[in-house]
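Have a look at the chain first, then read on.

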Amino acid sequence: NCRNEPPMTVAGDREPQAGRELARIVNFSDGVFAIVITLLILTIRAPDIPDASAAQQRPSRLLALTPKFLSYIISFLVVATYWMARHSVFEPIRGYDRTLLWLNFLFLMTITFLPFPTSLLGEYAEQQLTVVIYAANVSVASLLLASISLYATNGRRLTDHDLDEGTQRHHLIQGLAVPVVFLFSIVISFFSVEAAMYSWLLLLIVDPLLRRTRAR
(Lines give C-alpha, C1' and ligand atoms only; values in the text may rest on other atoms or scores of the structure.)
Protein backbone atom coordinates (compact mmCIF):
# COMPACT_ATOMS: atom_id res chain seq x y z
CA ASN A 1 0.00 0.00 0.00
CA CYS A 2 1.66 3.24 -1.17
CA ARG A 3 -0.61 5.60 0.70
CA ASN A 4 1.57 5.58 3.82
CA GLU A 5 4.82 6.18 1.96
CA PRO A 6 6.26 9.66 1.27
CA PRO A 7 6.04 10.66 -2.39
CA MET A 8 9.79 10.30 -3.01
CA THR A 9 9.73 6.60 -2.09
CA VAL A 10 6.85 5.49 -4.27
CA ALA A 11 8.06 3.09 -6.96
CA GLY A 12 8.31 4.76 -10.32
CA ASP A 13 7.70 8.23 -8.90
CA ARG A 14 9.26 10.93 -11.06
CA GLU A 15 7.35 13.94 -9.80
CA PRO A 16 9.80 16.53 -8.40
CA GLN A 17 9.60 17.18 -4.66
CA ALA A 18 10.81 20.33 -2.90
CA GLY A 19 11.03 21.89 0.55
CA ARG A 20 13.25 21.08 3.49
CA GLU A 21 13.96 17.59 2.15
CA LEU A 22 16.28 19.08 -0.47
CA ALA A 23 18.30 20.76 2.28
CA ARG A 24 18.54 17.41 4.07
CA ILE A 25 19.99 15.85 0.90
CA VAL A 26 22.60 18.61 0.69
CA ASN A 27 23.45 18.32 4.39
CA PHE A 28 23.75 14.53 4.16
CA SER A 29 26.15 14.92 1.24
CA ASP A 30 28.19 17.47 3.19
CA GLY A 31 28.47 14.95 6.01
CA VAL A 32 29.78 12.31 3.61
CA PHE A 33 32.40 14.74 2.32
CA ALA A 34 33.47 15.57 5.88
CA ILE A 35 33.96 11.88 6.68
CA VAL A 36 35.90 11.19 3.47
CA ILE A 37 38.21 14.17 3.90
CA THR A 38 38.96 12.89 7.43
CA LEU A 39 39.58 9.32 6.27
CA LEU A 40 42.19 10.50 3.78
CA ILE A 41 44.72 11.28 6.50
CA LEU A 42 44.21 7.80 7.95
CA THR A 43 45.94 6.38 4.86
CA ILE A 44 49.18 7.69 6.41
CA ARG A 45 50.54 5.67 9.33
CA ALA A 46 53.39 6.77 11.55
CA PRO A 47 56.41 4.45 11.04
CA ASP A 48 57.02 1.86 13.72
CA ILE A 49 60.64 2.45 14.74
CA PRO A 50 62.35 0.65 17.63
CA ASP A 51 63.36 3.04 20.40
CA ALA A 52 66.98 1.93 20.23
CA SER A 53 67.38 3.13 16.63
CA ALA A 54 64.74 5.88 16.55
CA ALA A 55 67.21 8.76 16.37
CA GLN A 56 69.06 7.25 13.39
CA GLN A 57 66.10 5.89 11.43
CA ARG A 58 63.40 8.50 12.05
CA PRO A 59 64.50 11.05 9.40
CA SER A 60 64.78 8.48 6.61
CA ARG A 61 61.59 6.67 7.61
CA LEU A 62 59.64 9.95 7.67
CA LEU A 63 61.13 10.94 4.32
CA ALA A 64 59.93 7.63 2.93
CA LEU A 65 56.36 8.78 3.66
CA THR A 66 56.65 11.61 1.11
CA PRO A 67 54.62 9.76 -1.61
CA LYS A 68 51.83 9.18 0.91
CA PHE A 69 51.76 12.85 1.90
CA LEU A 70 51.67 13.85 -1.77
CA SER A 71 48.79 11.46 -2.50
CA TYR A 72 46.97 12.86 0.56
CA ILE A 73 47.41 16.43 -0.66
CA ILE A 74 46.22 15.53 -4.17
CA SER A 75 43.11 13.77 -2.88
CA PHE A 76 42.38 16.50 -0.32
CA LEU A 77 42.36 19.07 -3.13
CA VAL A 78 40.24 16.77 -5.30
CA VAL A 79 37.64 16.32 -2.55
CA ALA A 80 37.64 20.05 -1.77
CA THR A 81 37.16 20.83 -5.46
CA TYR A 82 34.27 18.37 -5.72
CA TRP A 83 32.64 19.81 -2.59
CA MET A 84 32.69 23.30 -4.09
CA ALA A 85 31.58 22.03 -7.50
CA ARG A 86 28.68 20.07 -6.00
CA HIS A 87 27.44 23.16 -4.20
CA SER A 88 27.57 25.07 -7.48
CA VAL A 89 25.59 22.28 -9.15
CA PHE A 90 22.91 22.22 -6.42
CA GLU A 91 22.64 25.99 -6.07
CA PRO A 92 20.02 26.42 -8.85
CA ILE A 93 18.20 23.18 -8.00
CA ARG A 94 14.83 23.77 -6.33
CA GLY A 95 13.47 20.23 -6.18
CA TYR A 96 14.43 16.57 -6.49
CA ASP A 97 13.11 13.27 -7.70
CA ARG A 98 14.18 9.63 -7.49
CA THR A 99 16.59 9.91 -10.43
CA LEU A 100 18.39 12.89 -8.90
CA LEU A 101 18.68 11.03 -5.59
CA TRP A 102 20.29 8.01 -7.23
CA LEU A 103 22.66 10.14 -9.30
CA ASN A 104 23.72 11.90 -6.11
CA PHE A 105 24.20 8.60 -4.28
CA LEU A 106 26.31 7.21 -7.13
CA PHE A 107 28.40 10.37 -7.06
CA LEU A 108 28.88 10.02 -3.30
CA MET A 109 29.89 6.38 -3.81
CA THR A 110 32.80 7.47 -6.00
CA ILE A 111 33.80 10.05 -3.39
CA THR A 112 33.76 7.53 -0.53
CA PHE A 113 35.86 5.17 -2.69
CA LEU A 114 38.61 7.79 -3.08
CA PRO A 115 40.61 6.87 0.08
CA PHE A 116 41.37 3.45 -1.49
CA PRO A 117 43.09 4.70 -4.68
CA THR A 118 44.72 7.40 -2.51
CA SER A 119 46.28 4.65 -0.41
CA LEU A 120 47.39 2.84 -3.57
CA LEU A 121 48.90 6.04 -4.93
CA GLY A 122 50.90 6.48 -1.73
CA GLU A 123 52.21 2.91 -1.83
CA TYR A 124 52.55 2.11 -5.53
CA ALA A 125 52.71 5.43 -7.40
CA GLU A 126 55.20 3.98 -9.85
CA GLN A 127 52.75 1.36 -11.14
CA GLN A 128 50.48 2.10 -14.09
CA LEU A 129 47.48 0.27 -12.64
CA THR A 130 47.51 2.57 -9.60
CA VAL A 131 47.37 5.69 -11.79
CA VAL A 132 44.63 4.15 -13.94
CA ILE A 133 42.47 3.29 -10.90
CA TYR A 134 42.91 6.76 -9.40
CA ALA A 135 42.24 8.59 -12.68
CA ALA A 136 39.24 6.39 -13.45
CA ASN A 137 37.74 7.03 -10.00
CA VAL A 138 38.07 10.81 -10.36
CA SER A 139 36.77 10.72 -13.95
CA VAL A 140 33.65 8.75 -13.04
CA ALA A 141 32.98 11.12 -10.13
CA SER A 142 33.23 14.11 -12.47
CA LEU A 143 30.94 12.56 -15.04
CA LEU A 144 28.33 11.73 -12.40
CA LEU A 145 28.43 15.27 -11.03
CA ALA A 146 28.03 16.61 -14.56
CA SER A 147 25.11 14.25 -15.11
CA ILE A 148 23.40 15.64 -11.97
CA SER A 149 23.69 19.15 -13.37
CA LEU A 150 22.58 18.09 -16.85
CA TYR A 151 19.60 16.11 -15.55
CA ALA A 152 18.38 18.86 -13.20
CA THR A 153 18.77 21.71 -15.68
CA ASN A 154 17.61 19.94 -18.84
CA GLY A 155 14.32 21.60 -19.72
CA ARG A 156 14.59 23.27 -16.30
CA ARG A 157 13.28 20.02 -14.85
CA LEU A 158 14.31 20.79 -11.26
CA THR A 159 15.37 24.44 -11.44
CA ASP A 160 13.83 27.89 -11.71
CA HIS A 161 12.41 28.80 -15.10
CA ASP A 162 14.64 31.88 -15.34
CA LEU A 163 17.85 29.85 -15.04
CA ASP A 164 20.75 31.36 -17.00
CA GLU A 165 21.58 28.70 -19.58
CA GLY A 166 24.93 30.31 -20.43
CA THR A 167 26.13 30.06 -16.84
CA GLN A 168 25.00 26.45 -16.53
CA ARG A 169 26.64 25.54 -19.81
CA HIS A 170 29.88 27.05 -18.58
CA HIS A 171 29.67 25.09 -15.32
CA LEU A 172 29.07 21.90 -17.29
CA ILE A 173 32.12 22.54 -19.48
CA GLN A 174 34.20 23.19 -16.36
CA GLY A 175 33.03 19.90 -14.88
CA LEU A 176 33.81 17.95 -18.04
CA ALA A 177 37.34 19.37 -18.15
CA VAL A 178 38.26 17.23 -15.14
CA PRO A 179 37.45 13.80 -16.66
CA VAL A 180 39.06 14.88 -19.96
CA VAL A 181 42.35 15.58 -18.18
CA PHE A 182 42.26 12.42 -16.06
CA LEU A 183 41.18 10.16 -18.93
CA PHE A 184 43.97 11.69 -21.01
CA SER A 185 46.38 10.79 -18.19
CA ILE A 186 45.34 7.13 -18.50
CA VAL A 187 46.47 7.19 -22.13
CA ILE A 188 49.74 8.84 -21.13
CA SER A 189 50.31 6.21 -18.43
CA PHE A 190 50.90 3.59 -21.12
CA PHE A 191 54.04 5.51 -22.05
CA SER A 192 55.08 7.08 -18.74
CA VAL A 193 53.44 6.76 -15.34
CA GLU A 194 55.28 9.80 -14.01
CA ALA A 195 54.21 11.96 -16.96
CA ALA A 196 50.62 10.80 -16.47
CA MET A 197 50.63 12.07 -12.90
CA TYR A 198 52.23 15.37 -13.92
CA SER A 199 49.50 15.79 -16.54
CA TRP A 200 47.01 16.27 -13.69
CA LEU A 201 48.60 19.68 -13.19
CA LEU A 202 46.87 20.72 -16.41
CA LEU A 203 43.80 21.36 -14.28
CA LEU A 204 45.66 24.29 -12.72
CA ILE A 205 45.77 25.84 -16.19
CA VAL A 206 42.48 24.67 -17.70
CA ASP A 207 40.20 25.95 -14.91
CA PRO A 208 41.53 29.56 -14.89
CA LEU A 209 41.38 29.62 -18.69
CA LEU A 210 37.74 28.56 -18.66
CA ARG A 211 36.93 31.17 -16.02
CA ARG A 212 38.65 33.87 -18.07
CA THR A 213 36.77 32.79 -21.18
CA ARG A 214 33.50 33.03 -19.27
CA ALA A 215 34.41 36.51 -17.96
CA ARG A 216 34.73 37.72 -21.54
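What share of the contacts in the chain with a separation of 6 or more comes from residues 24 or more positions apart? The figure is 78%. Keep in mind that this is a predicted model.

As for the overall make-up, the chain has nine helices and zero strands, so it reads α-α-α-α-α-α-α-α-α along the sequence. Here are the whole-chain figures:

| Property of the chain | Value |
|---|---|
| Share of the 216 residues that count as buried | 38% |
| Accessible surface | about 12800 Å² |
| Share of that surface belonging to carbon and sulfur atoms | 65% |

Helix 3 (residues 66-90) packs with helix 4 (residues 98-113) at an angle of about 170 degrees, and their axes are 13 Å apart. Because an angle over 145 degrees counts as roughly antiparallel, that is the label for helix 3 against helix 4. On the helix 3 side, the residues are Tyr82, Arg86 and Phe90, and they meet Leu100, Asn104, Phe107 and Ile111 of helix 4. Sorted by type, the residues of this contact come out as five nonpolar, one polar and one charged.

You'll find Arg156 in the loop between helix 6 (128-153) and helix 7 (165-189).

Notes:
Residues are numbered from 1 along each chain as its sequence is written. This is a predicted model: local features need pLDDT of at least 70, side-chain atom pairs count only at pLDDT 80 or more; totals for chains, interfaces and linings use all residues. Side-chain values use heavy atoms; hydrogens and water are left out. Helices (H or I, at least four residues) and strands (E, at least two) are DSSP runs, numbered from the N terminus. Axes are lines fitted to C-alpha atoms, for helices over the stretch in contact, and angles run from 0 to 180 degrees between N-to-C directions. Angles under 35 degrees count as roughly parallel, over 145 as roughly antiparallel, 65 to 115 as roughly perpendicular and the rest as oblique. Contact means heavy atoms within 4.5 Å. Ala, Val, Leu, Ile, Met, Phe, Trp, Tyr, Cys and Pro count as nonpolar, Asp, Glu, Lys and Arg as charged, and the others, Gly among them, as polar. Buried means under 20% relative accessible area, exposed over 50%, partly exposed in between (1.4 Å probe, protein chains only). Accessible areas come from the Shrake-Rupley method with a 1.4 Å probe; for residues, only the protein chains shown count as cover.
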